[in-house]
Every structure is written in structure tokens, then in C-alpha cells.
Amino acid sequence: MTKLFVLVVISTAAILPQTLAQEPKISEASQECIDCHASLHPGIVADWKASRHSRVTPAEGMLVKKNARRISAKSVPDELKDVVVGCAECHKLRGDKHADTFDHLEHKIHVVVSPADCAVCHPVERDEFEQNIMSRAYTNLAHNAVYNVLENALIGDIQNKNGKLHYGAASDLTKETGCYHCHGTKLEFKGMETRDHDLIGEAEFPVIKGWPNQGVGRINLDGSVGACSACHTRHDFSIEMARKPHTCRECHVGPDVPAYKVYMASKHGNIYAAKGSSWNYTNVPWTVGADFSAPTCATCHMSLLANTDGEIVAERTHRMNDRLPWRIFGLPYAHPHPVSPDTTIIKNSDGLQLPTDFAGNFAKDFLIGPEERAERAAEMQKVCSACHDSSWTKGFWKRFEHEIEKTNEKTAVATEILLRAWNLGIADKANPFDEPIERKWMDVWLFHANSVRFSAAMGGGGDYSVFADGYYQMHQKIAELHKEVETEASKAQVSTEEEKK
């Protein structure tokens with residue numbers, strides 16, 4: 001019995017990370033940070049202590065076999081190799097590249113840690129994310145003239161002048177609270193200010209416009225784009241958190257992008273809600289059938305998946321559109337994914353920075369073609385096939401693409417009615433988003449068509465394809481739009497005939 005116990009202990013010790021058996025190797029600089037901030041910001045320090053960063057050195061991380069590795073760098077700077085990833089290892093890194101680098105208790109540190117800093121250990125993830133449309137979320141919104149008009153109509157200042165409503169630009173703080181919370185802000189260093197610090201008295205700290213923000217397309221003070229903390233929240237940077245759907249919910253809850261609520265109403269969400277508390281969210285690779293029994297957002301779009309024989313089902317990616325042939329939220333039509341993550345370069349047949357024209361025709365030169373769409377669909381279906389046979393997978397996919405076609409057709413009907421309103425002078429097309437008639441047109445594609453598409457895309461979302469923001473409301477808005485335009489047209493015709501008399 002004693003020999004068996006010793007054998008089990010030795011065998012177990014051999015497979016555990018070395019850091020679990022030893023004290024973490026914390027650098028002197030990071031220990032100074034911890035000594036101070038443990039009382040000043042105990043939540044931050046507690047999160048870090050619970051993280052993998054606090055227990056594993058980059059050198060140890062690089063010893064892990066390929067499929068189980070969480071670090072993609074082939075080498076890291078010598079000064080970082082043999083200490084855990086602490087405060088100093090991130091906030092002192094590449095200080096000459098950051099506009100917010102400042103002197104703090106004999107250390108030069110910067111406030112905002114960027115993807116370019118994370119890339120010292122995770123270069124593949126950073127490179128993939130930069131090719132992901134999310135990484136340009138700020139730029140694609142802020143530098144698109146059509147979106148700027150929409151933004152002003154949604155969150156801008158509004159005034160009633162001479163019986164008419166006038167929409168102006170939103171304040172910077174409203175933008176940061178609203179659209180740019182998720183899209184990301186453009187961070188700007190605005191100099192230094194003196195603050196009365198609790199522990200060290202008066203001290204100089206940088207002033208950063210647009211901060212705080214962890215939006216996916218944030219423009220950082222070193223010129224890099226994105227924020228890893230959008231999914232891997234500071235300072236735990238948990239893979240478990242990134243794999244759970246609540247993280248994606250922050251920006252994908254709708255009604256314009258109703259992914260989370262559709263997912264939670266689907267059978268997948270049903271299984272997650274019932275069984276998810278018993279799943280293993282930390283294993284790499286993530287094994288279908290052993291670690292979890294239904295997909296989350298990360299399963300379908302990002303994670304390295306294996307079957308129970310250890311064979312890879314899907315490769316890890318931080319370029320989320322690798323498995324996405326279609327971009328299903330309407331602008332105003334669903335369309336193939338853009339070739340470039342920078343969608344400001346798109347020009348449709350109307351000369352606008354939109355992937356389709358008003359008739360729904362694709363700006364084909366800027367969108368992926370049929371061959372690429374087929375390859376991406378095949379990658380997504382590999383994930384589906386880990387749990388479903390081919391007839392099930394192909395059946396759902398057929399319905400999904402059918403609903404893209406049908407919702408685009410119905411959006412085209414609504415658009416024809418709106419064009420008639422503009423041609424008759426019932427609405428002013430100078431701003432296509434501000435008048436009640438135009439808002440009804442927007443509801444058709446921005447909310448209701450999207451609800452149907454997401455329901456079809458995510459294996460069924462309960463009632464979201466019909467009564468819960470789906471076809472019922474879409475048809476209702478089209479009918480209301482049609483009645484309003486035809487009523488106004490009839491009034492105009494009567495008025496014209498009376499004038500002739």
C-alpha cells in the first residue's frame with residue numbers, strides 16, 4: 001500500500017506544472033508593485049494571484065507540447081524567461097513605444113497594456129486578431145461617413161428648431177459610454193496631472209483621453225489596435241472567462257446583434273445552462289465530449305478543439321471570421337465577409353462605404369467569393385460534425401443560407417417603399433436614419449432581419465425567428481411603412497388635383 005501511494009505521488013508530480021510545486025518566481029520590480037497595490041487595489045492583486053500568469057514562467061510555458069501550449073512565441077527576451085508574468089513584465093514592457101510612459105517610484109511604467117505588449121509571448125494570437133474585423137471596430141465606425149450619420153441619429157445631440165428635429169454629433173463622453181464602449185476608443189495622451197495619492201502623497205500621472213476602455217478595436221498609445229482584455233479580462237486573463245458566453249454577451253446582446261439571447265434560447269444554450277457548471281473550461285486543447293457537451297461562442301469561432309482520441313477537430317484562431325462565410329447583421333443586407341478587416345475601403349455601386357447597395361447588390365470586389373465562403377463553411381461544419389451527423393449539419397446550414405436570402409428579399413421590399421417615400425418628398429434622404437418612416441425601415445433590417453438570421457445561424461433560437469423580434473415584427477413594420485407612404489402619397493395626389501381645379 002505504501003509503495004502504491006509513493007508511486008501515485010511520483011507519477012502525479014511528473015505531470016503537474018513545475019510552478020505548482022515551487023514558489024512562483026516573481027521579479028523584484030513586480031514584487032514592489034504587489035507590496036504596494038495589495039492594500040491599495042486588493043481586487044487587482046487577487047485576480048492576478050489567481051491567474052496562470054502568476055504561476056508559470058514563459059520558459060516553462062514554452063516547454064509544453066504543441067497542442068497544449070498557451071504561449072505561441074518561439075523565444076522571449078532573457079529578462080522575462082524565468083520570472084512569472086507580473087505587473088512589471090507588462091506595464092514596463094516596450095516603454096519607449098508608449099506615449100503614456102511615466103516615472104513612478106523609480107520605475108518607468110505605462111498605464112495601458114496593448115496587444116503589441118501581449119505579442120511578446122503571444123505573437124500568433126496578436127497577428128490573427130489584427131486580421132480580424134473586430135480589431136478595426138473603432139476605425140470602421142469612426143471613419144465611415146454613413147455610420148457617422150447613423151451614429152448621430154442614434155446617440156447624438158437632438159434639438160427642436162422651428163418645428164423640426166435637428167441631430168448633431170454626440171459628445172465624446174456619450175460616444176465612449178455608447179457605441180465606442182464596444183467598438184473601442186482612440187486613446188490620446190494629454191499630458192500629466194498632479195494627484196494626491198493615498199500612499200505616496202502628491203504624484204504625477206498621465207491624462208489619457210478615451211480611457212478607460214477595453215473595446216475590441218481600441219487605438220492604443222503605441223499605435224496598436226484592439227484590447228485583449230475585451231475577452232480575457234484584467235488581471236486574471238482567464239481562458240475560462242473567454243470561453244463562456246457571458247463575456248461575448250457584453251457586446252452581442254442585441255437587438256442589433258442578438259447573439260447571446262438567441263444562443264441562450266437555443267438547445268445549445270439550454271444544455272449550457274443545465275450542464276455548464278460541470279464542464280472543464282481550462283483544458284487545451286478543448287476536448288468535445290469530455291470537457292464540454294455543447295458549444296459556446298468560443299467553441300464555434302475560436303477554440304482549439306479535439307475529439308476524445310486526441311485528434312484535432314478545429315485549429316485555434318483569433319481571426320474570428322476564419323469559420324464565418326457570411327456577415328449576417330444587416331448593413332442593411334447580410335453579405336459575404338469583407339476581404340479586408342478595414343471596411344472603410346469598401347465602395348459599393350452607390351459610392352458608399354457599405355458592402356451592398358440599396359438594392360442589395362454585393363460590392364463583390366471587396367467581399368470574399370464563393371470559393372472562400374465554401375472553405376469557411378467547411379471549417380465551421382467541422383465543429384458541428386463533432387456532435388452531429390452530416391444530414392443534421394447540412395440541414396441546418398441549408399436553412400441558415402435560405403434565411404439570409406429571404407431576409408434580404410424582405411429588406412429589399414422595405415427599401416423600395418422607402419425609395420418611393422424619398423422620391424415623393426414624404427421623407428428627406430439627406431439623412432436616411434432620422435425620420436419616423438426611416439426608423440421603421442431601419443427596424444426591418446437592423447433588428448428583425450438580424451433576429452431571424454441569428455436564430456437560423458445558431459441552431460435555432462426558440463421564437464426569435466418569428467414572434468420575438470423576428471418575422472412577425474418585420475412584416476408588421478413593412479406593412480406600417482407601406483401604409484404610411486401610400487397614405488401620404490394619396491394625400492399629395494388629392495392636393496395636386498385640387499390645385500389643378
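Mentor: Contact here means heavy atoms within 4.5 Å, and with that in hand we can read this chain, where 58% of the contacts between residues at least 6 apart in sequence join residues at least 24 apart. Keep in mind that this is a predicted model, in which local features need pLDDT of at least 70 and side-chain atom pairs count only at pLDDT 80 or more, while totals for chains, interfaces and linings use all residues. Residues are numbered from 1 along each chain as its sequence is written, and side-chain values use heavy atoms, with hydrogens and water left out.

Trainee: How many helices and strands does the chain have?

Mentor: Helices (H or I, at least four residues) and strands (E, at least two) are DSSP runs numbered from the N terminus; on that basis the chain has 22 helices and eleven strands, and its C-alpha trace spans about 105 × 65 × 40 Å along the principal axes.

Trainee: Is His98 buried or exposed?

Mentor: Buried means under 20% relative accessible area, exposed over 50%, and partly exposed in between, with a 1.4 Å probe and protein chains only. His98 counts as buried because its relative accessible area is 6%, and across the chain buried residues make up 44% of the 501 residues.

Trainee: Where is the place of His98, and with which residues is His98 in contact?

Mentor: His98 sits in the loop between helix H7 (87-91) and strand E1 (102-104). Once its neighbours within four places in sequence are set aside, His98 is in contact with Leu93, His110, Val112, Ser114, Asp117, Leu221 and Asp222.

Trainee: With which side chain does the side chain of His98 make a polar contact?

Mentor: A polar contact is a pair of N or O atoms within 3.5 Å; within protein, one must be able to donate a hydrogen and the other to accept it, and residues adjacent in sequence count only if both atoms are side-chain atoms. Here the side chain of His98 makes one with the side chain of Arg94, at 3.4 Å.

Trainee: How many aromatic pairs are there?

Mentor: Rings of Phe, Tyr and Trp (its six-membered ring) pair if their centres lie within 6.5 Å, planes under 30 degrees apart counting as stacked, over 60 as edge-to-face and the rest as tilted. This rule gives 16 aromatic pairs, including the tilted pair of Trp392 and Phe396, with 5.6 Å centre to centre and 45 degrees between the planes. Both residues lie in helix H20 (residues 390-423), four residues apart, about one turn of the helix. Trp392 is partly exposed at 46% relative accessibility, as is Phe396 at 23%. Elsewhere, ring pairs link Tyr263, Tyr272, Trp279, Tyr281, Trp286 and Phe292 into a cluster.
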